[in-house]
Each structure stands twice: as structure tokens, then as C-alpha cells.
Amino acid sequence: MKILERIIASVAPKVALSRAVAKKKLDVLNSGYSHHGASTSKKSMIGWNFGGGGPDEDIVLNLSTLRQRSRDLYMGGAALATGAIKTARTNIIGTGLKLKPAIDAEFLGLSPDEAADLKRIVEREFLLWAESVECDASRRDNFYELQQLACLSQLMSGDCLVLLPMVKRAGNTYDTRIRLIEADRCCDPPNKNGKDILGGVEVDEYNGVSAYWFVNQHPLGKQDKKKEWVRVEAFGKQTGRRNVLHLMESERPEQRRGVPVLAPVIESLKQLGRYTEAELMAAVVSGMFTVFIESETSDQPLGVMMDQEIDQVDPNSYELGNGAIVGLSPGEKISMANPGRPNTAFDGFVTSILRQVGAALEIPYELLVKNFTSSYSASRAALLEAWKMFRMRRSWVASDFCQPVYEEWFTEAVAKGRIPAPGFFDDPLYRKAYLKAEWHGPSAGQLDPLKEATAAKMRVEEGFSTRERETAELTGGDFEMNHRQRVREETMRREGGLLIEGSEKTNDNQQQLLDDDNK
């Protein structure tokens with residue numbers, strides 16, 4: 001080969017140079033991933049049909065199909081799809097994420113007692129608004145029910161949009177309302193006027209969301225009214241107030257719309273549903289033992305499958321039944337089919353597929369099918385792994401939905417004088433200090449409550465955690481409320497003569513609570 005290259009170089013130097021350059025380029029291309037994931041020569045890779053685009057092409061242009069298929073699976077296309085979404089919703093939201101004000105008392109110059117009093121005022125005022133359906137623009141759900149609806153809609157449709165209008169109503173203390181809008185209604189208007197709009201989301205030159213476009217009816221609905229689009233700016237021009245909350249999980253930079261959580265497993269769940277239906281039908285057919293009688297006369301057979309008046313709709317039809325006897329005409333024969341059901345391999349195959357589905361959804365198989373047959377350690381490991389995902393999504397709901405709504409409500413409460421907050425409108429640092437809050441949801445539950453409680457006690461005693469946090473984690477309760485209630489209960493027990501020295505031991509902590517209360 002080297003001799004040939006020398007001959008070419010001596011006869012045609014330009015050709016030799018071009019050959020050398022081409023060879024160098026080929027050597028570069030045949031390195032790194034070109035031998036592995038990017039190979040176009042391996043037999044295992046040649047048949048791989050692939051194609052890709054930007055987030056708009058890959059996501060937005062396919063969203064309508066993904067949403068409708070995801071909803072179909074949820075509404076009955078596959079039982080496991082319904083279970084997966086509801087399992088996630090229940091563990092993320094449960095009965096609702098509850099407000100726990102975390103006011104920065106040190107920065108605001110408040111004493112511990114003043115901070116505690118302010119927190120109680122905030123909690124009391126917030127419950128007045130949140131526990132009423134008046135917080136919902138449609139007057140259907142309270143704040144905690146809206147949380148689960150928003151989360152469920154996001155999981156099923158990929159995203160959910162929230163408007164925060166101010167609506168005055170007679171007899172209402174607050175005017176802040178929450179309006180949930182299904183993802184489909186945020187879509188492109190017929191005339192974009194040169195604006196960068198896709199999926200109903202308008203962006204500026206920095207790819208920042210500047211506005212959302214909403215149609216006045218559901219695109220898949222059957223309403224007769226004319227479709228009209230409304231442009232809603234993402235932020236108010238004068239106040240910077242958030243006009244629209246967009247609940248979605250981003251998986252790519254510059255992504256405009258969210259993807260349904262079932263998107264990666266839509267095909268697997270649909271095929272599994274079809275397979276389950278086929279196996280169920282085969283088992284039903286196998287369970288129907290039917291006797292066929294061939295008669296040489298025209299006498300009435302021993303039995304028939306259906307009432308002849310009913311069966312006259314299709315005189316040529318044959319039906320199987322449970323223990324039925326069917327007469328045949330002379331010369332007719334029956335050939336029995338043996339479907340071999342129930343299929344002994346069914347459970348193992350379905351379990352294997354569901355493990356893959358669970359991995360894609362971040363829900364372990366045991367939790368996906370609600371079947372805990374492993375050891376305590378294995379079951380606990382599965383729950384802990386699932387709760388990593390649940391906590392992550394709970395924090396997203398808290399930061400993207402609960403906290404912005406709370407800030408809007410708090411601003412109105414301060415403006416109306418319902419909550420004393422000096423400096424709230426003067427300095428953003430003061431505003432931030434007043435608005436700090438935590439959102440606690442239902443606890444994960446315990447497989448062995450004694451072990452979990454003992455571990456929580458040790459974390460508190462060693463300073464790794466606090467009683468407030470452990471109370472929220474174990475029971476979803478409020479430590480300060482529990483403390484006040486315990487003080488009242490122990491005082492009542494002592495006054496009632498139930499706490500007698502020698503008959504029932506009073507530990508140091510209980511005694512300290514009583515002493516503090518008496519002071």
C-alpha cells in the first residue's frame with residue numbers, strides 16, 4: 001500500500017494530497033463513539049431508524065397525540081396506567097400540602113413571641129381563604145383539592161396552566177382566585193403576526209416566555225361558538241406580577257411545553273392491556289365446556305344457547321356458554337379448540353414488563369401493583385426509592401404552585417390590612433422575609449412504626465433533625481400545635497388526679513411542659 005501511495009505521489013502529487021486528507025478525515029470519523037453508539041457499520045446498528053430535532057419539533061408537534069393517548073390509558077385503556085398516575089398523585093399531594101410560615105424573625109427584628117403570634121395570624125387568615133371553595137374561580141374546589149387536580153392534570157397531560165385573577169364577590173374577604181386551565185387550551189392562534197409562538201407559548205429574543213395564548217373553548221370539544229384567542233402576558237408590565245403559572249417538568253433546555261409522564265411507556269402499557277384482554281378472553285373461552293349433539297332427525301335438541309326469538313337477529317351465529325348443549329344439523333361436525341388457559345407464563349411475563357414500566361416512571365414494581373411480598377428491608381428500600389421521586393415532585397408543586405399562590409394571597413392580605421407586615425411593600429428583602437414558608441404533605445407511612453419512631457427520636461436527640469421536621473415526616477402533623485395540645489391534656493390529667501406520683505410516672509419532658517405552662 002505504501003508503494004502504491006509513493007507511485008501516485010510521484011505521478012500526481014495533487015491526487016496524493018487529496019487522498020491523504022480524505023484518509024485523515026476518515027480516521028477521525030472512525031474513532032470514539034463511531035465504533036459504539038454512533039456506529040453505522042455494525043449489523044446491530046444498521047437497522048436502527050432514528051431521527052431527532054429540537055425540543056419544539058420533538059415535543060410540541062407530538063403533544064396532541066401524546067395527551068390523547070395518555071388520557072385514553074388513564075380512562076381505561078390500561079389499568080396500570082390509571083394506578084401509576086393515581087399512586088403518584090396520592091403520594092405527592094395526598095390530602096393537600098399544608099402551609100407552615102417560616103418568617104425570618106431575626107431579619108425583621110421580631111422577638112420569638114412576636115414571630116409566633118404573627119405566624120398564627122397568617123395561618124388563621126390563610127385557612128379562612130384556602131378552606132373555602134371561594135378561592136377557586138369556578139367555585140368547585142378548595143385550595144387543597146385544587147392542588148391534587150393541578151398535579152393530576154400535569155401528570156396526565158404534561159402540563160397545567162394556572163391563572164390568578166382578582167374577582168370581587170359579595171361576602172368574600174379576599175379577591176384572589178385560582179383558575180386551572182387544561183393544557184390543550186393553550187395553543188397557537190391562527191395569525192401569529194410574526195411573533196415566535198409555538199404550543200401557545202410566545203417567547204422573546206432571549207427565549208424567555210413573554211405571553212400565553214388561550215382559546216375560549218377546548219380544542220377537542222364540540223361547542224358551536226366561534227373560537228377566539230386571548231393573549232395573557234406572563235408577567236405584569238408595571239408590577240412584574242405573575243399572571244400565569246405554568247406547571248411542567250422540563251427535560252430539555254428551551255422547552256416550551258411539558259410531556260405526559262406516561263409518554264415513554266405508552267406503547268408498553270397499551271400492548272400489555274391488549275395482551276391481558278386476550279388472555280382473559282382465552283381463559284373465559286377455555287372455561288366454557290359445551291356439548292355438541294349431531295342428530296339424524298329434526299327433533300328439538302336437548303338445549304339451545306339462546307332464546308330463539310332473540311337469536312333470530314343472526315340465524316347463522318353460534319355461541320358458547322357455560323355447560324351448554326347445542327344441536328347440530330345432520331352432517332355437521334365440531335372441531336374442539338384447546339386454548340390451553342390459564343397461561344402459566346402470564347404472571348412472569350407481565351411482572352417483567354411492569355418492572356421496566358416502573359423503572360421508567362420511577363415507581364418500584366411493588367408500589368406500582370401494591371404487592372409487598374418481599375422482606376421488610378426490600379419493601380422499605382422500594383418505598384424509600386419511590387419517595388425520592390415523590391418528594392422531588394412535591395417540592396416542584398410547592399415552588400411552582402403553592403408558594404406563588406400564597407405570595408399573591410399574602411400580598412392582598414397585607415394591602416387590606418389583614419396581616420401586619422411593616423416594610424412589606426418598601427423593600428424586596430422584607431417581602432422575602434415575610435413570605436418564607438414551608439409546605440408539608442402527608443407522611444410516607446411506616447412499615448414498622450416502632451423502628452421509625454425510635455430512629456426519629458435518635459435523630460432529634462443527636463441534633464440531626466428537629467421535632468418539627470420529624471413530626472411532619474412521620475405523621476404530617478404540626479409540632480407546635482401538638483405541643484400546645486399536649487400541655488392542655490397533661491394539665492387536665494394532673495388536675496383530674498390521673499397523674500399521681502408512684503402510680504404513673506411523669507417524665508422530665510412532661511414535667512417541663514407543665515412548668516412552662518404554669519409560668
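Colleague: Which residue in β8 stands opposite D159?

Modeller: In this predicted model, D159 stands opposite M248 of β8. The two strands concerned are β2 (residues 159–163) and β8, and they pair over five bridges.

Colleague: In which sense do β2 and β8 pair, and where does β8 run?

Modeller: The pairing is antiparallel. Strand β8 covers residues 244–248.

Colleague: Are the residues of β8 buried or exposed?

Modeller: Five of the five are buried, so the strand is largely enclosed by the rest of the structure.

Colleague: On to the rings. What describes an aromatic pair?

Modeller: The distance of the centres and the angle of the planes describe a pair of aromatic rings. A search of the whole structure finds 22 such pairs. One of them is F143 with F401, which is stacked, with 5.9 Å from centre to centre and 15° between the planes.

Colleague: Why does the pair of Y212 and F214 count as stacked?

Modeller: Its ring centres are 6.4 Å apart and its planes stand at 25°; the cut-off for stacked is under 30 degrees. Y212 is buried, with a relative accessible area of 5%, and F214 is buried with a value of 5%.

Colleague: Which charged residues sit over rings?

Modeller: Among them, K98 lies over the face of Y144, at 5.1 Å from the ring centre. R355 has its charged end over the ring of Y365, 4.6 Å from the centre.

Colleague: Which residues form a nonpolar patch on the surface?

Modeller: L280, M281, V284 and V285 form one, and together they have about 360 Å² of accessible area. V284 is placed in helix α10 (residues 266–286).

Colleague: Why does V284 count as partly exposed?

Modeller: Its relative accessibility is 38%, and partly exposed covers the range between the buried limit of under 20% and the exposed limit of over 50%.

Key:
Residues numbered from 1 in each chain as written. Predicted model: local features only at pLDDT ≥ 70, side-chain atom pairs only at ≥ 80, totals over all residues. Heavy atoms only, no water. Patch = residues over 30% accessible without salt bridge, like charges linked within 9 Å, V, L, I, M, F, W, Y side chains within 5 Å. Areas by Shrake-Rupley, 256 points an atom, 1.4 Å probe, with all protein chains shown as cover. Salt bridge = Lys/Arg side-chain N within 4 Å of Asp/Glu carboxyl O. Helix = DSSP H or I, 4+ residues; strand = E, 2+ residues; numbered from the N terminus. Buried < 20%, exposed > 50% of the residue type's maximum accessible area, 1.4 Å probe, protein only. Phe/Tyr/Trp six-rings, centres within 6.5 Å; stacked < 30°, edge-to-face > 60°. Lys NZ or Arg CZ within 6 Å of the ring centre and 35° of its normal. Pairing = 2+ DSSP bridges.
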